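Subject: Structure for you to look at

Hello,

Here is the structure I promised to pass on. Please open it first, then read the notes below it.

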Amino acid sequence: MRNISWKTYLLKSFKIAVAAVLAILVAEEIGLKFPVTAGIITVLTIRDTKKDTMRSLCSRALSFLFAVLISGIFFGLLGFTLWSFALYLFVYGLLCLSVGRGETIVPVSVLVAHFLSEGNMGFEMLVNESLLLLVGSTFGFLSNLHLRKNAREFERLAAEVDDQIRGIFRRMALWLPKEDKSGYEAGCFVRLEEALKAAKISAVENYENELWGGDRFALDYIAMRERQSVILKEIYENIVGIRYLPRQAVQVAELLKEIELAYHRDNTVEGLLQKLDMLLQDMDGQPLPVTRQEFEARAILFYILKQIRNVLQIKREFVLTNPAYKQYNHIQVEMLKSKEKSNGR
């Protein structure tokens with residue numbers, strides 16, 4: 001979980017207070033009844049991101065229309081009584097909860113309660129409540145216009161994820177050739193999970209604070225690293241399970257070391273995939289195991305190489321298909337075409 005400073009809390013609280021007061025003052029200035037309600041709606045509208053605030057605003061406006069319709073039916077049939085309001089709350093609450101809009105029950109029902117207290121749902125009251133909703137929602141939305149995408153923060157957190165994965169490859173290369181793996185613990189995966197969680201929160205916030213559209217690169221990048229982390233955990237478990245060390249273990253460890261040294265964000269891993277294929281071909285051509293222990297160990301190593309291929313393939317597909325690498329991808333495709341023509345000759 002990320003640490004949030006007291007400065008952030010103070011600024012957010014100040015923003016909420018100022019926006020609510022301004023909404024109340026505007027509501028009073030234009031002569032609305034129950035002006036404090038505009039401030040309450042402002043507070044309930046403000047969310048952590050621009051898109052979430054906009055979704056809250058639109059959801060509340062639509063919910064208000066349904067609330068007016070439902071309350072109008074019960075007030076029209078039973079009069080402006082407490083029982084009418086209770087029936088409205090039951091039906092409206094059930095409707096909101098069933099569609100996942102429970103957060104709209106309170107602010108919209110406060111507006112409907114004004115109909116009950118005034119004893120009418122005439123045109124003037126409908127306009128009054130609509131304007132309260134409009135003023136409150138507007139100031140709630142305006143208070144979040146300052147929110148911006150924090151690309152620098154995401155880059156820092158993504159770099160931490162990359163460092164953790166690079167460290168995992170380094171430890172794998174170190175521990176694989178050792179017979180005693182009692183000191184090889186899974187703490188690095190806990191740190192990776194924490195780094196992924198923090199980076200994902202940042203990526204989501206950045207995407208949600210771009211009101212129109214939004215760049216999904218950060219979200220896709222973290223999703224790619226999450227897929228890799230699952231396979232890396234499986235590789236770790238297989239490495240820990242090896243008790244007998246054939247000479248091929250050193251070869252696999254050397255490949256893991258090369259992956260760690262070549263690890264960077266823009267690498268399409270083409271070269272690493274070629275080296276992995278060469279190692280698999282070399283292992284296929286080696287003499288068959290003569291003992292059960294050697295057979296089991298080499299089978300695990302072969303499976304580890306297949307898992308490594310999956311890890312690399314996930315990265316390769318990401319770089320070659322993500323729009324952020326469009327120009328880079330074009331160069332890669334041209335190189336592959338040139339290579340295919342050369343091989344054809």
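Val18 counts as partly exposed, because its relative accessibility is 35%, and buried would require under 20% while exposed would require over 50%. The residue is found in helix 1. Together with Phe14, Val21, Leu22 and Leu25, Val18 makes a nonpolar surface patch of about 450 Å². Keep in mind throughout that this is a predicted model.

Next, the charged pairs. Side chains of opposite charge can pair when their charged atoms come close. How many salt bridges does the structure hold? The count is 15.

Lys33 sits in the loop between helix 1 (6–29) and helix 2 (36–45), and Glu118 belongs to helix 5 (residues 105–118), so the pair ties together parts that are 85 residues apart in sequence. Lys33 is partly exposed, at 42% relative accessibility. Glu118 is partly exposed too, at 33%.

Another salt bridge is formed by the side chains of Asp277 and Arg309, at 2.1 Å from N to O. This pair also links distant parts of the chain: Asp277 is in helix 11 (residues 270–284) and Arg309 is in helix 12 (residues 292–321), 32 residues apart. Asp277 has 29% relative accessibility and counts as partly exposed. Arg309 is partly exposed as well, with a relative accessible area of 24%.

Arg55 is partly exposed, its relative accessible area being 45%, and Asp52 is partly exposed at 26%. Both residues belong to a network of salt bridges that also takes in Arg47 and Glu208.

On to helix packing. Two packed helices are described by the angle between their axes and the distance between the axes. For helix 9 (residues 217–241) and helix 12, the angle is about 175 degrees and the axes are 10 Å apart. An angle over 145 degrees counts as roughly antiparallel, so helix 9 is roughly antiparallel to helix 12. Sorted by class, the residues in this contact are 14 nonpolar, five polar and five charged.

Two backbone angles are also worth a look. Most residues other than glycine have a negative phi. Phe34 is not a glycine, yet its phi is positive, at about 55 degrees. Phe34 is in the loop between helix 1 and helix 2. Val269 is likewise a residue other than glycine with a positive phi, near 60 degrees. The loop between helix 10 (248–261) and helix 11 is where Val269 is placed. Are these two residues buried, exposed or partly exposed? Phe34 is partly exposed, with a relative accessible area of 27%, whereas Val269 counts as buried at 5%.

Last, a distance. Leu44, found in helix 2, is partly exposed at 33% relative accessible area. The C-alpha atoms of Leu44 and Asp282 are 65 Å apart, and 238 residues separate the two along the chain.

Regards

Technical notes. Residues numbered from 1 in each chain as written. Predicted model: local features only at pLDDT ≥ 70, side-chain atom pairs only at ≥ 80, totals over all residues. Heavy atoms only, no water. Salt bridge = Lys/Arg side-chain N within 4 Å of Asp/Glu carboxyl O. Helix = DSSP H or I, 4+ residues; strand = E, 2+ residues; numbered from the N terminus. Buried < 20%, exposed > 50% of the residue type's maximum accessible area, 1.4 Å probe, protein only. Patch = residues over 30% accessible without salt bridge, like charges linked within 9 Å, V, L, I, M, F, W, Y side chains within 5 Å. Areas by Shrake-Rupley, 256 points an atom, 1.4 Å probe, with all protein chains shown as cover. Axes fitted to C-alpha atoms, helices over the stretch in contact; angles between N-to-C directions. Parallel < 35°, antiparallel > 145°, perpendicular 65-115°, else oblique. Nonpolar A, V, L, I, M, F, W, Y, C, P; charged D, E, K, R; others polar.
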